[in-house]
Amino acid sequence: MRVSPRTALVAVLGGALLAGCGLTSGSPMVDDVKPGSIGKGLPLKGADLTVTSKEFTEQLILGAIMGIAFEAAGADVLDRTGIQGSIGAREAVKGGDADAMYEYTGTAWITYQGNTKPITDPQKQWQAVRDADRKNGVTWLTPATLNNTYALAINKKNAAKYKTKTLSDVAKLAKSDPKAVSLCVESEFASREDGLPGMQKAYGMSVPSSSITKMDTGIIYTQASKGTCTYGEVFTTDGRIKAMDLTTMEDDKHFFPNYNAAPEVNTESLKKFPAIAEVLAPITKKLNNTVARDLNSKVDVEGQDPHEVALDWLLQEGFVTE
């Protein structure tokens, strides 16, 4: 996930401190893996690579996926995943304390590069991020379709009752049957222009404040599942969507920013070890929202270890072997 509104300030402050002192923790990855469909010929043999990530579930999984892939291709890998906040992990790659991570295009465009308006087309968003970061010593490889952005979600019973599939449908329902539409959202989402106010404006949606309840993220999923609120603000790759049998509304006017995951690599590291790109390309191509929800659910719902989830998926897909 990108820097979400609720954690942006913490990310900046905590990350800045980490960036200032550099990364000091980490441990070697010791997975006994061999090439599968990736890493044949051990193109990274002799490379010492450090992978990093942010601290939330999806990032821990993506960081492990990247590190295990490098191992299978012959590299010795230092695991420095789990950095609190986005800025710290980002600065590690930018400054050379880490070689690579999976980052989100929207986070880079808005948080790192200081833009205020997202680019609607996901490919053009990635291209703009890639081009802007060249001067920063960071290279962006081809993105995944995995897009961890905002959505409104509804439970199975209400989905059958109201038959909404898009945010435009929700706007129509709010107009025809105002009492049918109630929202559970985070406090910041309720006030930000790239959140609820902007969404309502973009879709011509009018939901009275009496029908909007502000609460913590985790509670939103539970309340939407129970039907306490008709729609809950969620993140599109969260494993609880699948576990709680929620359905997300299509953002048919493409209001929310694109947060596609893509490998962000220190440019000097990539020049030294260009095989990084070929090792990661087929893996990134396979990553989509369905895959992310399934993997995230294994951690957040079933309690599995992120590294083991990453390894199991790579084995299952045939990317690596044991």
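1. Basis of the values. Residues are numbered from 1 along each chain as its sequence is written, and side-chain values use heavy atoms, with hydrogens and water left out. Since the model is predicted, local features need pLDDT of at least 70 and side-chain atom pairs count only at pLDDT 80 or more, whereas totals for chains, interfaces and linings use all residues.

2. Overall form. The protein chain has 14 helices and 13 strands, where helices (H or I, at least four residues) and strands (E, at least two) are DSSP runs numbered from the N terminus. A compact globule of 322 residues would have a radius of gyration near 20 Å, and the 20 Å of the protein chain agrees with this; the radius is taken over C-alpha atoms, and the globule rule is 2.2 Å times the number of residues to the power 0.38. Along the principal axes, the C-alpha atoms fill a box of roughly 65 × 40 × 30 Å.

3. Of the 322 residues, 54% are buried, with buried meaning under 20% relative accessible area, exposed over 50%, and partly exposed in between (1.4 Å probe, protein chains only). Among contacts (heavy atoms within 4.5 Å) between residues at least 6 apart in sequence, 80% join residues at least 24 apart.

4. The largest nonpolar core. A nonpolar core is a set of buried Ala, Val, Leu, Ile, Met, Phe, Trp, Tyr and Cys residues joined through side-chain atoms within 4.5 Å. The largest has 48 residues, and those with the most contacts inside it are L44, I65, F70, I276, I283, L287 and W313. Elements giving two or more residues to this core include β3 (48-54), α2 (57-72), β12 (261-266) and α14 (306-316), and α2 gives the most, with nine residues. Leaving aside residues up to four places away in sequence, I276 touches L44, L49, F70, L141, V265, S269 and L270. In soluble globular proteins, nonpolar side chains tend to be buried together.

5. Helices α7 and α3. In helix α7 (residues 167-176), the buried residues are L167, S168, V170, A171, L173 and A174, and their cover includes β7 (150-154), α6 (156-162), α8 (196-203) and β10 (231-235). Helix α3 (residues 86-95) is mostly covered, with seven of its 10 residues buried; these are S86, I87, G88, A89, R90, A92 and V93. After α3 comes G96, with a positive phi near 90 degrees.

6. H254 is another residue other than glycine with a positive phi, near 55 degrees, and is placed in the loop between β11 (247-248) and β12. P178 lies in the loop between α7 and β8 (183-185) and, at 44% relative accessibility, counts as partly exposed. The C-alpha atoms of P178 and S206 are separated by 8.5 Å, although these residues are 28 apart along the chain.
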